[in-house]
Amino acid sequence: MYKGHARAYTNIALIKYWGKADQQLILPMNNSLSLTLDAFYTETSVTFSSTFSEDQFYLDNNLQDRETTVKVSRFLDLIREKAQSQLFAKVDSQNFVPTAAGLASSASGLAALAGAASAALGLPLEEKELSRLARRGSGSACRSIYGGFAEWEKGDSDDSSYAVPIPSNGFEEELSMIFVVVNDQQKDVSSRDGMQRTVETSAFYDGWLATVPQDLAKARTAIANKDFQSLGEVTEASALKMHGTTLAAIPPFTYWSAESMRAMALVRQLRNEGLACYFTLDAGPNVKILVQKKNESTVLSKLQEHFSADQLIAAHAGPGIKIMTKEVEA
């Protein structure tokens, strides 16, 4: 019996990834840049044993159905192939983040699964290799291998697509991200389906894609210079452009709700009043507000005038993946 355990934290893309160049290998159409956060994470234990006759997947202590388990099994197959193992596994995963609600649970979940399963089978993977592996489960998971800022280099093959850490001279420690949770239910259009529909049908997609290199360059420069305003501006612009592409898809769709738009309008209002803060959204309705840590309490108090306290969560820069030592039992 072989056991591995890992904890991985969610990351939020400041410069968005939207669309796959290769669906099977999960190669993205563009590079992306993220910040790993401390508030949401996944803890996963993986046990391989010759006594198991099939893979079992428990999420938050609930045995998952066959369709969900097959997805996990396919990912485990990649690790079994690397380790030359045919053992089945029991996967126990605890999500400390609402699943499939636009709060990036797939990133932390697949990163933790990659770390725990590879540790259980004794695969000595360095961060780059672990990032490549996690990508095969969920694209954004490759960035959750690292703490702080990371950039997913799109590459053009399985070997060349992985995330790398971005030197920041501690800039991430000056930042906060406030989550405005307007909906923690499963979304109507998954990220996977939304991306594919947008890439294949949106008249706006090529225009958005053409601007990503400039946005990435601006973000990298802002991080290097600890320039909060520039980072905030390009973060907000990237999110708006990405979500704009969905409105021109066929059929059109949006992840925004009326509450999302209310939160975004409030951010603009606060900025007009001289309080620097910027929003971003992933493939879901929940709004994330980037703010300097020194202004976190002020922004929170302003938000509490419009949203309930349980809708607001403050997060800070989080660490990279934590992998526990492999255990071998008779």
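The side chains of Arg132 and Asp158 meet in a salt bridge, with N and O 3.3 Å apart. This pair links distant parts of the chain, since Arg132 belongs to helix α3 whereas Asp158 sits in the loop between β8 (149-153) and β9 (162-165), 26 residues apart. The model is predicted, and it holds 17 salt bridges.

**Salt bridges of Arg132**

- Arg132 also forms a salt bridge with Asp159, where the closest N and O atoms are 2.9 Å apart.
- Because Arg132 lies in helix α3 and Asp159 in the loop between β8 and β9, this pair ties together parts that are 27 residues apart in sequence.
- A further salt bridge joins the side chains of Glu129 and Arg132, at 2.5 Å from N to O.
- Glu129 and Arg132 are three residues apart in helix α3 (residues 127-137), so about one helical turn separates them.
- Salt bridges that share partners join Glu129, Arg132, Arg135, Arg136, Asp158 and Asp159 into one network.
- In general terms, side chains of opposite charge can pair when their charged atoms come close.

**Accessibility of the partners**

- Arg132 has a relative accessibility of 10% and therefore counts as buried, the cut-off being under 20%.
- Glu129, at 29% relative accessibility, counts as partly exposed.
- Asp158 is likewise partly exposed, with a relative accessible area of 22%.
- Asp159 has a relative accessibility of 54% and so counts as exposed, the cut-off being over 50%.

**The four-stranded sheet**

- Four strands form an open sheet with antiparallel pairing, in the order β11-β12-β10-β13.
- Strands β11 (277-281) and β13 (312-316) are the edge strands, each of which pairs on one side only.
- On average, neighbouring strands of this sheet are turned by 25° against each other, direction ignored.
- Strand β10 (residues 175-180) pairs with strand β12 (residues 287-292) in the antiparallel sense over six bridges.
- Phe179 stands opposite Lys288 in β12.
- As a general point, strands of a sheet pair through backbone hydrogen bonds, either parallel or antiparallel.

**Helices packed on the sheet**

- Helix α7 (residues 258-272) packs on the sheet and touches β10, β11 and β12.
- The direction of helix α7 makes about 160° with that of β11.
- Helix α8 (residues 296-303) packs on the sheet and touches β10, β12 and β13.
- The direction of helix α8 makes about 15° with that of β10.

Terms used
Residues are numbered from 1 along each chain as its sequence is written. This is a predicted model: local features need pLDDT of at least 70, side-chain atom pairs count only at pLDDT 80 or more; totals for chains, interfaces and linings use all residues. Side-chain values use heavy atoms; hydrogens and water are left out. A salt bridge is a side-chain nitrogen of Lys or Arg within 4 Å of a carboxyl oxygen of Asp or Glu. Helices (H or I, at least four residues) and strands (E, at least two) are DSSP runs, numbered from the N terminus. Buried means under 20% relative accessible area, exposed over 50%, partly exposed in between (1.4 Å probe, protein chains only). Two strands pair if DSSP finds at least two bridges between them. Axes are lines fitted to C-alpha atoms, for helices over the stretch in contact, and angles run from 0 to 180 degrees between N-to-C directions. Contact means heavy atoms within 4.5 Å.
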